[in-house]
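Morning, everyone. Please look at the screen.

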Amino acid sequence: MGTSGKRILLVEDDRFLRRACAVSLRQRGFTVDTAADGEEALRAIHGERGEAPDLILLDLLMPKVTGLEVLRTLRAEPGTRDLPVLVLSNSSREQDVEEIKRLGVAGYYVKADLSLQELGDRVAQLLGA
């Protein structure tokens, strides 16, 4: 099915990384919505459009509502329980990593080692693009 029509929500509080990821994914043809914190993310997921994105790229350490809290909320709701989530984080705390694995994420990327090419390839693979 190609990338057209596939919508990604990118949740990242670092403005530079958020912009770099969004530009990279848009160049591949994805529609990318962004949120700077977990509160914005939850509003975007449940908000105006009334439909969840096809995939979420989620930072863990953010102001207001953390990525873990967003992920727990998504997994607790039938409409978003199976939504693919890729975590982007610099947190390598073992308890965080264990919990995101338990919550069923599609991948975990350490921001310091992040390759936009690799991330884009994984997103395309998950979305069948």
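D96 is buried, with a relative accessible area of 7%. Keep in mind that this is a predicted model. The cut-off for buried is under 20%, so D96 qualifies. D96 sits in helix α4. Which residues does D96 touch, leaving aside its neighbours within four places in sequence? Those contacts are L60, L68 and S91.

D96 also has a charged partner. Its side chain meets that of R93 in a salt bridge, at 3.8 Å, N to O. R93 is partly exposed, at 44% relative accessible area.

Now Q95. Q95 belongs to helix α4, residues 94–102. Is Q95 buried or exposed? Exposed, because its relative accessibility is 54% and the cut-off is over 50%. Q95 and P84 are eleven residues apart in sequence, and their C-alpha atoms are 21 Å apart in space.

On to the other charge pairs. Side chains of opposite charge can pair when their charged atoms come close. The count here is ten salt bridges. One of them joins E39 and R43, at 3.7 Å, N to O. Both residues lie in helix α2, residues 38–46, four apart, about one turn of the helix. E39 is partly exposed at 35%. R43 is partly exposed too, at 47%.

E39 has another partner, K64, at 3.9 Å, N to O. K64 is in the loop between β3 and α3, while E39 is in helix α2, so this pair ties together parts 25 residues apart in sequence. K64 counts as exposed, at 61% relative accessibility.

Last point, on shared partners. Salt bridges link D37, E39, R43 and K64 into one network.

Definitions and conventions: Residues are numbered from 1 along each chain as its sequence is written. This is a predicted model: local features need pLDDT of at least 70, side-chain atom pairs count only at pLDDT 80 or more; totals for chains, interfaces and linings use all residues. Side-chain values use heavy atoms; hydrogens and water are left out. Helices (H or I, at least four residues) and strands (E, at least two) are DSSP runs, numbered from the N terminus. Buried means under 20% relative accessible area, exposed over 50%, partly exposed in between (1.4 Å probe, protein chains only). Contact means heavy atoms within 4.5 Å. A salt bridge is a side-chain nitrogen of Lys or Arg within 4 Å of a carboxyl oxygen of Asp or Glu.
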